[in-house]
Amino acid sequence: MQLVLEKRLEQSRTIALVSPLIAIALTLLTMSILFILLGKNPLLALGVYFIDPLTDSYSLQEIAVKATPLVMIAIGLSLCYLANAWNIGAEGQLLIGAVAGSWIAVKTQGTDAGHWVLPAMLLAGAMAGALYALIPALCRVKFGASEILTSLMLVYVADLLLDYLVRGPWRDPAGFNFPTTAEFDPVATMPLLIDGGRLHLGSLIALFVVVCAFVVLGRTIMGFEIRVVGAAPRAARFAGFNADHLILLTFAISGALAGLAGIIEVAGPIGHLQPGISPGYGFTAIIVAFLGRLNPVGILIAGLFLALTFIGGEQAQITMKIPLDVTKVFQGILLFYVLACDSLILYRFRLVSRQVTHGLG
Amino acid sequence: MSELLPDDPSRSDMPLLQALGLTKRYGAFVANDAIDIEVDGGQIHALLGENGAGKSTLVKAIYGLIQPDSGELRWQSQRIVLAGPAQARTLGIGMVFQHFSLFENLTVAENVALGLDGSESFNSMSARLDQIARAYGLPLDPRREVWQLSVGERQRIEIVRVLMQNPKFLILDEPTAVLTPQEADQLFTVLNRLKAEGRAILYISHKLEEVKLLCDTATVLRAGKKVAACDPRQETAASLARMMVGTEVKQVKAAGTRRTTVPRLVVNDLDLAPEDTHGVRLQQISLELKGGEILGIAGVAGNGQDELFAALSGERQVGEPGTVIIDGIACGHLSITQRRRLGAAFVPEERLGHGTAPRMRLSENALLTGHAAGDMVHHGFVDAAATLRTVDRATETFDVRKARRDPEAASLSGGNLQKFVVGREILREPAVLIVNQPTWGVDAGAAAVIRQALLDLADSGAAILVTSQDLDELIEIADRIAVMFHGRLSAPLSRAEATREKLGLLMGGSSIVDREPIHAAGA
Amino acid sequence: MDLVEAIILSVLAASTPLLIAATGELVTERSGVLNLGVEGMMIVGAACGFGGAWASGSIVIGALCGVLAGTALSLIFALMTLALAVNQVATGLALTILGTGLSGLIGAGFVGQRIATAPHLHIPALTDIPLLGRILFGEDAFVYLSLALVIGVWWFLYRSRAGLILRACGDNHASAHALGHPVLRIRLLAVMFGGACAGLAGAYLPLAYTPFFIPGMTAGRGWIALALVVFSSWRPGRLVVGAYLFGAVTILQLHAQGAGIGIPSQFMSALPYLATVIMLVLLSRTRRGGSTAPAALGTVFVPDR
């Protein structure tokens with residue numbers, strides 16, 4: 001018996017809708033097995049991961065807060081991936097954006113600066129992220145260097161830069177030698193949406209980004225160009241679309257969104273600059289992008305779902321002593337199942353008996 | 001490699017290979033209809049016919065790649081049924097395909113080794129390769145990498161690969177299609193040598209001059225049937241051409257004499273190097289096309305039609321603006337979008353992947369060419385309703401059959417997709433339409449619709465340039481016909497002058513009296 | 001021993017995991033498959049390698065565990081990309097994420113434990129030769145194994161028929177298929193070999209480089225290995241040069257930090273990564289022949305029936 005792939009006549013729309021659900025179901029099944037291997041009650045564990053965080057207002061807000069950078073970055077990544085340009089360095093662009101925005105916060109610390117500070121920080125973060133992302137994009141367009149490897153190398157560079165700044169020139173002198181800046185002034189902090197809660201303006205910005213992406217990808221000629229360049233390069237050339245320009249553009253937008261997410265995280269939930277401001281948002285966003293099938297609405301849902309698992313994972317560590325690494329395993333397995341199920345959209349799987357095919361050999 | 005021994009069966013008068021009543025159907029289409037053919041040892045046997053006549057199907061059956069529906073094959077008078085090419089090779093049948101199975105970044109020796117079964121050591125194979133190549137005058141440096149080689153040299157690898165298996169019967173499919181005249185001459189020397197050794201050669205070609213020079217006997221196929229067997233050396237190229245394309249006078253759809261207006265498309269001395277080593281260099285191409293006129297370009301595929309399309313459409317820019325002039329505006333340096341804005345429209349040969357994005361819907365594919373000018377895009381926003389309107393209008397006007405209102409391009413049949421692709425351009429009411437192979441791979445009904453649409457468009461004053469391998473089609477719709485051969489364009493013949501024989505000769509590379517000689521293979 | 005000898009020895013040690021992982025990935029890519037999951041396979045190899053050695057007391061068993069772990073992960077990759085025709089880039093990324101998480105899980109119990117590291121060769125008289133003695137005759141098994149591996153791969157690729165067919169698959173899978181070669185089967189074996197090497201390279205870190213396991217101890221070496229394959233133009237000989245060059249940059253910047261040059265340590269630590277970017281830019285200009293990637297690299301192959 002042999003597994004054989006047959007290309008479908010048309011992409012199956014039912015499968016396209018249903019495949020993320022199948023993937024999630026398969027993942028839950030696999031995770032249950034994993035929990036049993038770890039000696040934990042699977043139903044209990046799944047409950048702590050997925051149900052409990054939905055039951056109280058604080059953790060609901062926390063989900064939104066955690067989803068904010070994931071969704072923003074994933075939207076940017078989806079633009080790149082649709083154009084067949086692989087931005088893997090979103091984590092680095094996030095860090096650079098955080099650094100750039102924090103520079104303004106640190107420089108104006110203690111002075112009586114006005115309300116222009118926060119918008120300036122956000123703008124600086126976005127621009128810095130965009131410029132940082134243009135480096136790997138230019139390397140690909142001008143020199144043909146793999147954007148996967150260059151964008152990834154730059155993540156390590158950004159991480160080291162951040163480390164240097166918070167341990168050196170920007171370290172809070174009153175901070176007992178911890179590698180962190182002083183707390184940002186109120187004008188340099190993201191305003192809260194609900195007093196006493198955690199929900200901040202960043203989440204609204206993320207929603208706005210989702211809406212913009214939905215409109216751009218679905219309704220504008222630019223969105224169309226991005227999609228065609230990735231799907232059918234020769235047809236794109238026939239249409240007069242410039243693939244190089246689109247690669248640069250999508251990387252710049254994606255870098256800007258990652259940088260923006262970075263400074264929002266720092267100016268919002270964290271409140272100061274330190275190493276480890278991101279538990280790998282730039283990489284988790286890759287999963288969010290694929291899980292959401294590179295579609296803005298899908299990404300919003302996927303981002304919320306994965307944020308849920310982050311919160312659930314933290315809870316599970318506390319209440320059930322399940323290691324945090326399980327969350328990462330879950331994300332990896334989920335991505336595998338999503339990719340595998342997505343294959344069904346393009347191909348039909350058939351088991352055939354091994355016929356004596358006249359080999360051309 | 002030794003010659004076949006004098007008493008080897010293939011040297012006797014008994015035919016080496018026979019096909020009796022060979023028939024092969026693909027659905028309702030009969031590719032081979034009860035074909036009889038006989039090939040003897042020590043003979044070069046030509047298989048003649050136009051594209052689509054059934055030559056490829058016949059040789060694939062002989063080589064074991066496909067199974068005939070009825071009829072039989074005989075090898076040395078014994079009935080055989082071939083399970084596959086491996087079995088054919090054990091019998092001693094070898095084939096050199098038109099499309100090579102080569103590896104660019106590997107050496108010649110490695111390429112040959114990959115086509116053999118690996119039972120001998122690489123070094124001894126390499127030595128044998130060198131010896132055979134030299135013996136047959138096909139010099140090959142075993143250590144060179146394929147990407148560095150010319151097309152002729154690459155073909156030598158394919159030939160030597162076959163020769164190393166000591167075949168009694170050799171099939172060559174359009175071997176000189178992409179060779180220079182000099183390379184073709186070298187090939188003929190080799191073939192004559194093989195013939196002298198007593199091997200049989202089945203030589204597929206449509207190039208009449210070289211067939212006359214090279215072949216002892218010929219079988220002519222037309223529309224799946226064998227229509228003649230002859231000795232090409234006794235025939236003229238003209239008589240061979242007549243056998244191939246038939247002498248029935250087909251009724252040309254009388255479009256009346258069209259009113260032609262000003263020149264709408266002018267090409268001046270277009271010279272273009274190919275993008276890669278497989279391409280054809282365009283040389284000194286000039287033409288002038290008036291509004292209301294259809295100019296046909298005939299020619300076998302691979303003589304520069306793709307390169308010409310890329311240069312005229314703007315996918316490749318030529319630098320010198322005056323090389324291409326549309327409606328009086330020099331546009332050699334303009335992009336394809338800018339040319340569309342000037343009123344040009346284009347239909348490429350490959351409808352899936354080039355003319356359309358296969359996995360996108362028809363409305364999106366309408367946007368592919370429609371975004372340049374027209375009402376589909378406002379301030380950067382796409383008017384989805386306008387794209388759907390185009391789909392609807394194309395569907396109605398050109399009878400596009402599809403499963404739903406707006407399906408993916410890849411789900412349409414070839415004919416229906418082609419109607420859409422041609423239709424979306426015609427609906428833009430272009431000043432100039434450049435179309436490559438308008439009805440290739442399209443069913444007869446759709447082809448008729450497309451051709452009529454082109455005629456109607458010309459009637460409305462547009463200038464149309466049609467490149468096609470189908471002579472009948474060009475004779476039906478074109479006012480003048482020129483022929484492309486090896487990157488050059490002949491002077492156009494008027495409808496009265498463009499007889500099938502003349503066109504067949506030009507397509508085969510022969511010169512026409514009192515015209516500038518186009519290089520003929522072997523002439 | 002003097003400073004030069006110490007530096008050379010540490011360069012050898014630093015380069016070895018890179019060389020092993022890159023060699024495996026080179027074979028995979030020569031067959032036409034791009035496996036970005038090297039980092040994930042390495043880190044799982046590290047966790048399992050340490051675990052195996054700690055539980056059994058044997059370095060050899062530890063190394064074997066690392067190899068098996070890497071191979072197992074690579075099988076998941078092969079199933080997705082070869083059987084299900086899934087996009088190779090996305091699958092490789094997923095593999096890295098999964099591997100990182102798995103290694104954390106598996107290795108959690110081993111943090112803080114120590115084992116005896118792999119013993120070094122000692123041949124009386126030979127090893128005691130000043131300078132060259134320890135370098136040539138005093139290394140641990142992994143270093144010798146890495147060089148044997150490279151030589152073996154070189155011989156396989158360029159002197160064996162199987163290696164020729166593998167290179168053909170990476171150059172033009174359609175032609176290889178037309179000539180009757182089993183493209184998917186060959187790619188499967190190549191992917192598994194890459195996984196085995198990545199696992200072994202990862203195991204090297206806690207078994208020989210340092211005597212303990214830390215989560216994330218690969219620190220991006222898997223990605224560097226991928227870049228090294230590009231640097232080497234997919235040729236084993238150049239791979240050795242690249243691996244040792246990179247190891248040298250890593251070690252030298254460490255020494256430079258220690259020597260108290262005024263440049264902040266983080267900038268020095270960033271040098272290897274910046275060097276990789278520059279190297280990729282300089283070497284990636286697409287040229288015909290020689291330095292180009294296997295032509296079919298990363299493209300999906302579904303045999304038509």
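Domain bounds here come from an automatic or database domain assignment. On that basis, chain B is divided into domain 1 (9-245) and domain 2 (263-354 + 428-507). The structure is a predicted model, in which local features need pLDDT of at least 70, side-chain atom pairs count only at pLDDT 80 or more, and totals for chains, interfaces and linings use all residues. Residues are numbered from 1 along each chain as its sequence is written, while chains are lettered from A and ligands numbered from 1 in the order in which they are written.

Taken over C-alpha atoms, the centres of domain 1 and domain 2 of chain B are separated by 33 Å. Eleven residues of domain 1 of chain B are in contact with nine residues of domain 2 of chain B, two residues being in contact if their C-beta atoms, placed from the backbone, lie within 7 Å. On the domain 1 side of this meeting, helix α8 (residues 237-245) of chain B provides the largest share, six residues. Helices (H or I, at least four residues) and strands (E, at least two) are DSSP runs, numbered from the N terminus. By class, the side of domain 1 of chain B that touches domain 2 of chain B has eight nonpolar, two polar and one charged residues. In this scheme Ala, Val, Leu, Ile, Met, Phe, Trp, Tyr, Cys and Pro count as nonpolar, Asp, Glu, Lys and Arg as charged, and the others, Gly among them, as polar.

Within chain B, helix α5 (residues 151-163) has 13 residues and reaches 18 Å from its first C-alpha to its last. That is close to the 18 Å expected at 1.5 Å a residue, where the expected span is 1.5 Å times one less than the number of residues. Ten of the 13 residues of α5(B) are buried, so this helix is largely enclosed by the rest of the structure. A residue is buried if 20 or more other C-beta atoms lie within 10 Å of its own, exposed if 12 or fewer, and partly exposed in between, with C-beta atoms placed from the backbone. Among the buried residues of α5(B) are Arg154(B), Ile157(B), Glu158(B) and Leu163(B). The buried residues of the helix pack against β6 (93-96), α3 (108-115), α4 (122-135) and β7 (169-173) of chain B.

Turning to strands, four of them form an open sheet in chain B, in the order β12-β11-β14-β15 and with antiparallel pairing; two strands pair if DSSP finds at least two bridges between them. The edge strands are β12 (282-290) and β15 (329-330) of chain B, each of which pairs on one side only. Strand β11 (residues 263-272) of chain B is joined to β12(B) by six bridges, and Val267(B) has Leu287(B) in β12(B) as its bridge partner. Strand β11 of chain B also holds Asp269(B), a residue other than glycine with a positive phi near 50°. Asp269(B) counts as exposed, because it has 11 C-beta neighbours inside 10 Å. Ala223(B), not a glycine either, has a positive phi of about 50°. Ala223(B) is found in the loop between β9 (217-222) and β10 (225-230) of chain B, and its 14 C-beta neighbours inside 10 Å make it partly exposed.

Strand β19 (residues 432-436) of chain B is largely enclosed by the rest of the structure, because five of its five residues are buried. Both faces of β19(B) are covered, with Val432(B), Ile434(B) and Asn436(B) on one side and Leu433(B) and Val435(B) on the other. Four bridges link β19(B) in parallel to strand β16 (residues 344-347) of chain B, where Ala345(B) is the partner of Leu433(B). Five bridges link β19(B), again in parallel, to strand β20 (residues 463-468) of chain B, and Val435(B) stands opposite Val466(B).

Between chains, the contact of A with C takes 43 residues from chain A and 45 residues from chain C. The chain A side of this contact divides into 31 nonpolar, nine polar and three charged residues. The contact of B with C takes 14 residues from chain B and 13 residues from chain C, and its chain B side comprises six nonpolar, five polar and three charged residues.
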